[in-house]
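Good morning, colleagues. I would ask you to keep the sequence and the model in view while I go through the chain.

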Amino acid sequence: MKATIKFKFPEDQEKYEDFMNGTKWKYVVREFDEYMRGMLKWNTEDLDESQLLTVRQIRSMLLNYIEQENLRLHE
């Protein structure tokens, strides 16, 4: 399979950078998700129940946004 993506510069500079940095964004989001997962699983930060609930809610929201956009985080 082969694809050609064309950008018109300079007006498409931001779109080009978004396209080129997609893998980096995925890495950052995956690392953030794994950090929150670790906080919930091992509670290495010694969080109280209220704080853990907040982390659960934030992680759930992140995963919902990913699902709504039909994206895959772990592959």
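Let me begin with contacts along the sequence. In this predicted model, if we take the contacts between residues at least 6 apart in sequence, 45% of them join residues at least 24 apart.

Which elements does the protein chain contain? There are three helices and zero strands, and from the N terminus on the order is α-α-α.

Next, the overall dimensions. The radius of gyration of the protein chain is 17 Å, whereas a compact globule of 75 residues would have one near 11 Å. Along the principal axes, the C-alpha atoms fill a box of roughly 50 × 30 × 20 Å. Of the 75 residues, 16% are buried. The chain exposes about 6800 Å², and carbon and sulfur atoms supply 54% of that area.

I turn now to helix α2, which covers residues 22-42.

Which residues of α2 are buried? They are Asp 33, Met 36, Gly 38 and Met 39. An α-helix has 3.6 residues a turn, so residues three or four places apart point the same way. The buried residues of α2 pack against α3, which is made up of residues 49-68. Directly after α2 comes Asn 43, and its phi is positive, near 45 degrees.

Two further places in the backbone deserve attention, and I shall take them in sequence order. The peptide bond from Phe 9 to Pro 10 is cis, with omega near 5 degrees. Pro 10 belongs to the segment before α1, the helix of residues 13-20.

Is Asn 70 buried or exposed? Its relative accessibility is 67%, and exposed means over 50%, so Asn 70 counts as exposed.

To close, I would draw your eye back to the pairing of helices: the buried residues of α2 pack against α3, within a chain of three helices and zero strands. Thank you for your attention.

Notes. Residues are numbered from 1 along each chain as its sequence is written. This is a predicted model: local features need pLDDT of at least 70, side-chain atom pairs count only at pLDDT 80 or more; totals for chains, interfaces and linings use all residues. Side-chain values use heavy atoms; hydrogens and water are left out. Helices (H or I, at least four residues) and strands (E, at least two) are DSSP runs, numbered from the N terminus. The radius of gyration is taken over C-alpha atoms; the globule rule is 2.2 Å times the number of residues to the power 0.38. Buried means under 20% relative accessible area, exposed over 50%, partly exposed in between (1.4 Å probe, protein chains only). Contact means heavy atoms within 4.5 Å. Accessible areas come from the Shrake-Rupley method with a 1.4 Å probe; for residues, only the protein chains shown count as cover. The expected span of a helix is 1.5 Å times one less than its number of residues.
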